[in-house]
Amino acid sequence: MIVEAGAETTAEYALKIHDLHKSYGATAVLNGVNIRVREGEVVSLIGSSGSGKSTLLRCVNFLETPTSGAIDMYGEAISVAAAGNGLTTITNKSNIPRFRTVAGMVFQSFNLWPHLSVLSNVTESLIWVKKMPKKDAIEVAMSVLEKVGMAEKRDAYPAHLSGGQQQRVAIARVLAMQPRIMLCDEPTSALDPELVGEVLKVIRNLAAEGNTILLVTHEMRFSRDVSSRVLFLHKGLVEQDGSPSEIFGNPRSERLRRFIDTTGMN
């Protein structure tokens, strides 16, 4: 479900990020990020290495704790304030487990359990986190493995899979938990070039089904083709937020123009 930036829609905001900051000691990585994502949008985050894209994604479900700011998922908010001496005060900290259920994370490095089969990698969280009966967990797992084209590898172990196959299993594991938002952190960056396409095809299909996706990617053509909106980050700030045609066809800043030139998208 592709929605042009600025289009009128009655969908609620799935995610609101307000004035988000993240520093490591004296090094500021995020400098006041503001983003709103509607239900069903696919929002790509692009920018040079070190611009804060992956850190932002990890702050959304508190794999990294922001230095300050607020994050709201479907009306449930967590706010963070600096408390001095490098410490933070977190309001509604009890929402963090909820955030991690609502927002499923697809990592650069697949993070599969090497000692478990493909099927067990997908069923494990269903059984232990969702307390689902094993029979039901297997049914759900086979359904999502079929969706990503990995059902025939149900008994294989990660070491016997290509990188692209491992990433598709990792995506299936996230899908099995039925997240309302998918956070994809450069899901093809660890893959050999010939394996990138199979993972992008899965994400393209998920986007077409209307899933809400926040995607960090260096695949510019894919970002242009699949995204509702594209956000260009520079030095920890959103420098331009617009439709793919606006970002790639009418960059407003010299920094974005130079970035697009380096990608061959001009």
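A residue is called buried when its relative accessible area is under 20%, exposed when that area is over 50%, and partly exposed in between. In this predicted model, Arg229 has a relative accessibility of 8% and therefore counts as buried.

The side chains of Arg229 and Asp241 form a salt bridge with an N to O distance of 2.9 Å. Arg229 belongs to strand β10 (residues 229-234) and Asp241 to strand β11 (residues 237-242), so this pair ties together parts that are twelve residues apart in sequence.

A search of the whole structure returns ten salt bridges. The table lists three of them, including the pair just described.

| Salt bridge | N to O distance |
|---|---|
| Arg224 and Asp225 | 3.2 Å |
| Arg229 and Asp241 | 2.9 Å |
| Glu254 and Arg257 | 3.2 Å |

In the pair Arg224 and Asp225, Arg224 is partly exposed at 36% relative accessibility, and Asp225 is partly exposed at 43%.

The salt bridge between Glu254 and Arg257 lies within a helix: both residues are in helix α9 (residues 254-263), three residues apart, which is about one turn of the helix. Glu254 has a relative accessibility of 42% and is partly exposed; Arg257, with a relative accessible area of 34%, is also partly exposed.

Beyond individual pairs, salt bridges with shared partners join Glu41, Arg229 and Asp241 into one network.

Methods
Residues numbered from 1 in each chain as written. Predicted model: local features only at pLDDT ≥ 70, side-chain atom pairs only at ≥ 80, totals over all residues. Heavy atoms only, no water. Salt bridge = Lys/Arg side-chain N within 4 Å of Asp/Glu carboxyl O. Buried < 20%, exposed > 50% of the residue type's maximum accessible area, 1.4 Å probe, protein only. Helix = DSSP H or I, 4+ residues; strand = E, 2+ residues; numbered from the N terminus.
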